[in-house]
Amino acid sequence: MQIELEGRPSYPMATVKLAKGESIVVEGSSMLAMGPGLGVETTFNGAQGGGLVEWLTAAFVGLVRKFVAGETLFVNIFKARTEGATVMIAPALVGDILDIELDGTRKVTVQAGSFLASAPTVKQRLIWGGIAMLFSGEGAFFLECSGKGHLLINSYGAIEEVPIDGEYFIDDGHVVAWEGKLSYTRKSAGGLKATLLSGEGRLLRFKGQGKVWIQTRNLSSFIQWITPFFRG
Amino acid sequence: MMHEIKNKPDYASLHVTLQQGEAVVAESGALMGMSGGVKMETSMKGGLFAAAKRALGGESVFLNTYTASADGQRCDFAPPTPGDMLHIPMSGNTVMVQRGSYVASSGTVTADAKWGGAKSFFAGEGLFMLKCTGQGDLWIGSYGAIAEHRVEGTYIVDTTHVVGFDDSLTYTVRKVGGMKSFFLSAEGLVVEFSGHGRVWFQTRSAPSLAGFLNPFRILVQKN
């Protein structure tokens, strides 16, 4: 599998070239063009294993992604019947795509809404972000990705890598993914006054060693900004 | 203090590294992330009256002050708009900034609201300006790219495109043509600057985006 990104960082597209028999799992309605020699199968994300338990888990993940993370319910699996078949994919949002190559030892946790595509050999585990995250408007769920192969994630705005050694606070609307020995808690950065009045009450406190990828724009801030300009 | 604007020009972000005791003030909601050794304090900068005026100016009543309790502490900020950011060094001069464009400041720089005149207010395009003055740094954000023009004489900018300008300029808000062009051309109100100084304007405007998106919004409602 070869992946090429064009048009970064605002309007990127990923061109995925597959060897015969290879396949890629793509977020629903993210395929924008494809060449010949590809078979398409629609399923719940994570149901590729085929077992009943996997299917039920995947269906649950799909429903969660659909109704909580604002993502699509299904993923499409594109499988190459011929050598070098290509599929082009792009996210709905304006913003960057990151191609992360998992080598079997890395474990990357992705905000459920930021998943774009992955090799079928990438395993996903749904993580519940805790009851506090449910009211945050974004990302009550995370996907812990492990295994081997490419993982494509997307952002709203540019993606900035923040190395963490110790303690770092990140607004939950800006978290895209993280990796490493990191634990996180929802923690107010100041006192009660700061929590209520700062407009920054939705911070996650990361602790440990690793890195967090943050997006340089926040969808809810954008909506708040543009809404007053609509008339009627 | 070290600062850098990255990801220019589409989704610019501001990254500040503070030494112990150094501080930066930012608009509510602008924080993306910060080191564990940064203390955040929320206050109505300049008191209740200044805060109330700032609220009228489309900015938040509360501003956050981020102070480093150790060396090498980092803060990351971003505006809500898709677009660029600009750093304006301040050395006791005064810069007027359009509502919603203020992102952060340092040193003794203060941001006070100033009424832009009833005409622009009733046009719904509210030329509310923040009067930024002091010594230190000022960071502003735009929707689209930021263009700078040095006014020598007079210069006209659409109200919705104004991001900021030097206080050395005088300005009036007026219609772009006669009554006919006010109703028939989509151009609404403009700001006419005169004197000597810099004007910054953004290459996109929020009301235009909303106008463009509006029909798609109605379609969604019908479903």
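User: Buried area is the accessible area that two parts lose on being put together, summed over both. How much do chain A and chain B bury between them?

Analyst: In this predicted model, chain A and chain B bury about 3,200 Å² between them. Carbon and sulfur atoms carry 58% of that buried area.

User: Why quote an area for that?

Analyst: The size of an interface is often given as the accessible area lost when the parts come together.

User: How many residues does each chain bring to the contact?

Analyst: Chain A contributes 36 residues to the contact, and chain B contributes 40 residues.

User: How many salt bridges are there between chain A and chain B?

Analyst: The count is one salt bridge between the two chains. Glu160(A) pairs with Lys6(B), and their closest N and O atoms lie 2.6 Å apart.

User: Let us change topic. What is chain A built from?

Analyst: Chain A has four helices and 15 strands. Of its 232 residues, 51% are buried. The chain exposes about 10,500 Å², with 58% of this supplied by carbon and sulfur atoms.

User: And how far along the sequence do its contacts reach?

Analyst: Among contacts in chain A with a separation of 6 or more, 78% involve residues 24 or more positions apart.

User: What about chain B, then?

Analyst: Chain B has four helices and 15 strands. Buried residues account for 48% of its 223 residues. Its accessible surface is about 9,800 Å², and 58% of that belongs to carbon and sulfur atoms.

User: Which residues of strand β5 in chain B are on the covered face?

Analyst: Strand β5 of chain B spans residues 38-43, and its covered face holds Val38(B), Met40(B) and Thr42(B). The uncovered face holds Lys39(B), Glu41(B) and Ser43(B).

User: Which strand is β5(B) joined to?

Analyst: Strand β5(B) runs antiparallel to β6 of chain B, residues 63-68, and six bridges join the two. Ser43(B), for instance, has Leu63(B) in β6(B) as its bridge partner.

User: Back to chain A. Is Cys145(A) buried or exposed?

Analyst: Cys145(A), in strand β12 of chain A, counts as buried because its relative accessibility is 0%, and the cut-off for buried is under 20%.

User: What does Cys145(A) touch?

Analyst: Leaving aside residues up to four places away in sequence, Cys145(A) touches several residues, including Leu102(A), Val108(A), Val122(A) and Leu151(A). Leu102(A) lies 43 residues from Cys145(A) along the chain, yet their C-alpha atoms are separated by 8.5 Å.

User: Where is Asn154(A) found, and is it buried or exposed?

Analyst: Asn154(A) is found in strand β12, residues 141-154 of chain A. Asn154(A) is buried, with a relative accessible area of 7%. Among the residues that Asn154(A) touches are Pro91(A), Asp96(A), Phe115(A) and Val176(A).

User: Which residues form the nonpolar patch on the surface?

Analyst: Met31(A), Met34(A) and Val40(A) form that patch, with about 230 Å² of accessible area together.

User: Why is Val40(A) called partly exposed?

Analyst: Val40(A), which is found in strand β5, residues 38-44 of chain A, has a relative accessible area of 45%. That value makes Val40(A) partly exposed, because the class covers values between the 20% limit for buried and the 50% limit for exposed.

Conventions:
Residues numbered from 1 in each chain as written. Chains lettered and ligands numbered in written order. Predicted model: local features only at pLDDT ≥ 70, side-chain atom pairs only at ≥ 80, totals over all residues. Heavy atoms only, no water. Buried < 20%, exposed > 50% of the residue type's maximum accessible area, 1.4 Å probe, protein only. Contact = heavy atoms within 4.5 Å. Areas by Shrake-Rupley, 256 points an atom, 1.4 Å probe, with all protein chains shown as cover. Pairing = 2+ DSSP bridges. Patch = residues over 30% accessible without salt bridge, like charges linked within 9 Å, V, L, I, M, F, W, Y side chains within 5 Å. Salt bridge = Lys/Arg side-chain N within 4 Å of Asp/Glu carboxyl O. Buried area = accessible area lost by both parts, 1.4 Å probe.
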